Every structure is written in C-alpha cells, then in structure tokens.
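Open the model in your viewer and keep the selection tool ready. We will go from stop to stop, picking residues and looking at what surrounds them.

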Amino acid sequence: MKYRDPKPDILRIEELVKDVKSGDIKLPKFQRPFVWNKEDILKLLDSVYQGYPIGSVLLWLTREKLAAERKIADLEINDRPDEYPTNYLLDGQQRLSTLCGALYWDGKNKNSIWNIAFDVQTEQFLHPKNTLKITEFPLNKVINTSDFLAQCRAFDALDEKDLFYSRAERLLSSIKDYKIAAVRIGDMALDEVAPIFERINSSGRQLTMVDLMRAATWKGGFDLNDAISSVRDACEAKHFYDIKELHILRSISAAAGLGIHKEDIEKLRNKTSSELQGAASKSVEAYKLAVDFLTSELPLTSINYLPYALQLTYIVEFFNLNPSPTLAERKKLRSWFWESALSKQYGSSNTGLISSDLKLIRDFARGDISKIPVTNQFKPQAILEDTFTLNKATSMTFALMLAQKKPRSLLDGSLVDTRKALAATNRLEYHHIFPKAFLERNGVSKTRANMHLNICMLNMNNNREISDKNPSDYFKDIAFRLKDDLQAVLESNYINSKGYEAAINCDYDTFIDEREKELIKEMKSVIDDSAGNV
C-alpha cells in the first residue's frame, strides 16, 4: 500500500498552536488524553527557549468525521463549525497541547497547570506559587502584542530593566520564530491511518495495548475512551475504584466473543462499530454484577486486594453470559475464587492457561459443566508460610482469609474495620502477633517472624498499644480485658485454646502450629463451600 504523498512543511509553532486552539487542527479522541506532568511541561518550554529540537508533528488531512477533544486539561478549545476536509493531529499531541495551554490560558484558575511564567531574572520557567513577582512574565501575555508590551512596562521601575526587556524579547522571539517540520498525509481511509499511528507512536514511546486499540478500533461511532470511562463510572458508583484500562479492554474483547490475550484483543479491529458498542455495553452491565458479587459474597471491598487481575476478568465474563445465576451457581463461583487464589492458579499463567480457563468459565456460565476446575494443587503452606508483603498475591489472599472471619481486635474485642484494612495498602491495620523485636531477641529469623501465620488484623490504636511487648504480657492483659468474650475474639483471629496457651508461654513454634491448623480448616471450608453443600 502506498501512503498518499506525505508533504513536509516547515511551520512556526505559533501557527500550529493557534490552529489547535481555534479548532482548525483537531485532536482525535483515539489519542491518549493529555498526560504530561508539570515537570514535562516546563522542560518542553525550556527546550523551545533554548532553541533545542522538539521533533516534528504529523497531520492527517481528511474528510473523515471523527470525535475530537474539546479540552486540553482545563483549557477549552474553541468551538467552530465543522468543515471537511480537516487536519487531525496524529503525532505531537502532548507537545502542541502544552504550548497551546501555556500560551492561551484564560487566567481564571490559579491552580491550573497552564498558569506558567518565565522568570526574566533566572531565565527559568515555573508555576507561580502565589502572586506573580514583578520579574515573572506570564506566558499567556506573550502572543498578543499589546499584552506583551503592557507586561514589559512592569520592568520600568527596576534597575535591571534593560536586561529584563531583552530577556522578554528573547522569550517572544523564541516562541514566534521557532519552526518545526509538519508532515501532512491525506486521501486515506481510517483503517489505513491506524497502522501509521501505531507505527509512529511505537517508535516514540512504548504504547500499551489500550493505546494501540484506541486507534485500531476507532470507527466513528465507537470510542474506546468512552467505553472505558463507562465501565469505570459503573464500578466507582459501587466504590470499586481504579479498574485498569487493560482489564476493561480484556472484558470488552471477551464480550465480543473473542479471547483475552493480545492476539485475540487485536481482532477487535475487525469488528463493526455496532458490534464494539454492543460488547462495551454488555461489559458495563457485567462489571456491575461482578462488583456486586465480589463485595457481597466475598470480603473484598477494593480492587487493591484482588489477588489476580484475571479473576475479575473471568467473573465479569461469567456475569456477561449468566447475569442471573442461581444460588448454587453463585456458591460454586465463590468456591472457585477461593480455590484459584489459594492455589495460586494465576501466579504464573500462560497463554494456554488463560484460554483454557476462559473456556471453562464460559462453559460453567452456560451450564455445560457443573463446576469450574482449578488445575493448580492446593498447598496451604505455600500461602501460610510465605512472608507478609501487602503488594503480592499471597498476602492479599491471606488478608482476605483474615477478613473472612470478621475479626475482632485482640485488646478490646471491637470489630476490625475490614473495609478500611482492605481499601488500600495500609500496614497499620496489620499486626505481628508475636512482635518482631521479641522474636529477634529470641533468635527467630526475620523470614519466620514475618510469616503470614504470625499476622492478624488489628485496629490501629490496639496496634500502637501492643507495640513490641512480650506476647506473655499482652495476652494476659487480653484475658483480663475481654473476660467472657476472650474465646470469641481469639477464634475470630484463628487462635485456638492451645495457641493462646502457647502465646502465654511465649512458645512461638507451638503457636504457629496451632494457628496453621485453624487456618487450614477455614481454607478447606471456603473451597468446599459449593452447591453440593446446599
């Protein structure tokens, strides 16, 4: 295929930026939204001031009617009647957006990322903290000649006014005279442009699968950005935040009847706009049902403690195919969740496993099989004797096991706020039952001291009060405080009577053995809790 006569031009950035603000150059919605931070913005402006190269831009002149951005961060782009053919910006979005935002900021919101000044004393670009200093030249006063001259008059009372005037003029000329290469392509259909977009962006920065599919699936009537936002809005309404874009894309692919690994997701580009929109709509409803299931049938209150992302993908696909499961089916799905987490089914998953488990989930949802088999062998010690680190799957699984028991805080018997403990990586809600300092004094290795078996959930105040006390001391205090509630509080933390006696006697090995027995019983119970027990 021959791309239609790319035509390079050398243009001043002032022209390009003006055309972006006016809407004559459009920012297609399949582009990644503006993501640069303040440091990125200031670096680009300094490069322009210093005359360093900032790369070229690629424009696509076409009669295609595509959805375009109306804002760059909080900067409104002018609304204008649509005229075709028009130019869409394919490469250079972050750079031109930055220059447009800085030069055309309306001056209203002082906290805007576009509130940028150039300090003529230090020759540095900055985001003013409070009121502008007399030497800080606002960039939104550069383009308009009268604004520029009025701002320069502020230097008249200063001893270094001539120096500051010359630096302001250098700032003006660096922006007005800076030229970059703009390459225009035209007379091409969208499906021809998508691979160009992917190619040029892949060479400039590493794109995610979601970035690439934004371009590849754009059909005029389908916008992947909007589809992802719809799913996130639905989940956030149920306090389930920060669903990753790739996970949502997997579910859209599955809802479209495809697989969920890279090669299958790429087939979305062959779907029609209506097929894509239908898959996205089904995903929204399936996510709502999946989040309801996770937060009502399981002690999961946040995606932060989901052991494996694939579990959510599979549960969403289950509800996509079976939105009204029976009680027996819900119990079996719950058992599968526990077994797949406790057996580390997705700790090292591969393409074959991903595909085969997706088929099993679909077969179960359609009623073709009676339960979802898990191929990994359940080895409780692999969870229980692992070390406690909240950002890994085994510790997340163990935290859910603790929450499953509805624990009561050891010192005062109050219910632990498991929603708070599972909402984020919050180490203060967890406690080493035998304090690490005590175990270290008694020659126990850090690895053994930090095992899951030595961890419980504890309200923050209780945690601080216990600190590094000897277990024999604070466990006697527990008995005194809790009295008749002692056994119930201990059991809610998987501590039996023998384990309690071991703690009183500072016998760490026996305590660990006894707690392991209680936890293994609970693990087997949640795995076996299927429809066969109803």
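Helices here are DSSP runs of H or I with at least four residues, strands are runs of E with at least two, and both are numbered from the N terminus.

Before moving on, note that this is a predicted model, where local features need pLDDT of at least 70, side-chain atom pairs count only at pLDDT 80 or more, and totals for chains, interfaces and linings use all residues. Residues are numbered from 1 along each chain as its sequence is written, and side-chain values use heavy atoms, with hydrogens and water left out.

**Stop 1: helix 9**

Select residues 245-255. This is helix 9, and 9 of its 11 residues are buried, so it is largely enclosed by the rest of the structure. Buried means under 20% relative accessible area, exposed means over 50%, and partly exposed lies in between (1.4 Å probe, protein chains only). Among the buried residues are His247, Ile248, Leu249 and Arg250. Ser251, Ile252, Ser253, Ala254 and Ala255 are also on that list.

What do these buried residues pack against? Show helix 7 (209-216), helix 8 (224-236), helix 10 (262-265), helix 11, helix 12 (309-321) and helix 14. Contact means heavy atoms within 4.5 Å.

**Stop 2: helix 1 and helix 3**

Now select residues 13-22 and 93-104. Two packed helices are described by the angle between their axes and the distance between the axes. The axes of helix 1 and helix 3 come within 9 Å and cross at roughly 80°. That makes helix 1 roughly perpendicular to helix 3. Axes are lines fitted to C-alpha atoms, for helices over the stretch in contact, and angles run from 0 to 180 degrees between N-to-C directions. Under 35 degrees counts as roughly parallel, over 145 as roughly antiparallel, 65 to 115 as roughly perpendicular, and the rest as oblique.

Show the side chains. On helix 1, pick Ile13, Leu16, Val17, Lys18, Val20 and Lys21. They meet Leu96, Leu99, Cys100, Leu103 and Tyr104 of helix 3. By class, this contact has 9 nonpolar, no polar and 2 charged residues. Nonpolar covers Ala, Val, Leu, Ile, Met, Phe, Trp, Tyr, Cys and Pro; charged covers Asp, Glu, Lys and Arg; the others, Gly among them, are polar.

**Stop 3: salt bridges**

How many salt bridges does the structure hold? There are 22. Each is a side-chain nitrogen of Lys or Arg within 4 Å of a carboxyl oxygen of Asp or Glu.

Select Arg12 and Glu14. They form a salt bridge, with the closest N and O atoms 2.8 Å apart. Arg12 is partly exposed, at 28% relative accessible area. Glu14 is buried, at 15%.

Next, select Glu297. It forms a salt bridge with Arg330, the closest N and O atoms being 2.9 Å apart. This pair links distant parts of the chain: Glu297 is in helix 11 (residues 273-297), Arg330 is in helix 13, and they are 33 residues apart. Glu297 also forms a salt bridge with Arg334, with closest N and O atoms 2.7 Å apart. Arg334 is buried, at 15% relative accessibility.

**Stop 4: two loop residues**

Select Gln345. It sits in the loop between helix 13 (327-342) and helix 14 (351-365). Is Gln345 buried or exposed? It is buried, at 2% relative accessibility. A polar atom of its side chain lies 3.0 Å from the backbone nitrogen of Asn376. Beyond four places in sequence, Gln345 touches Ser340, Leu353, Asp357, Val374, Thr375 and Asn376.

Then select Trp36, in the loop between strand 2 (25-26) and helix 2 (38-50). Trp36 is partly exposed, at 25%. Leaving aside neighbours within four places in sequence, its contacts are Ile41, Leu44, Gln94, Arg95 and Thr98.

**Stop 5: positive phi**

Most residues other than glycine have a negative phi. Select Lys483, where phi is positive, near 50°. Lys483 is exposed, at 55% relative accessibility. Finish at Tyr494, which has a positive phi of about 60°. Tyr494 is buried, at 2%.

Terms used. A polar contact is a pair of N or O atoms within 3.5 Å; within protein, one must be able to donate a hydrogen and the other to accept it, and residues adjacent in sequence count only if both atoms are side-chain atoms.
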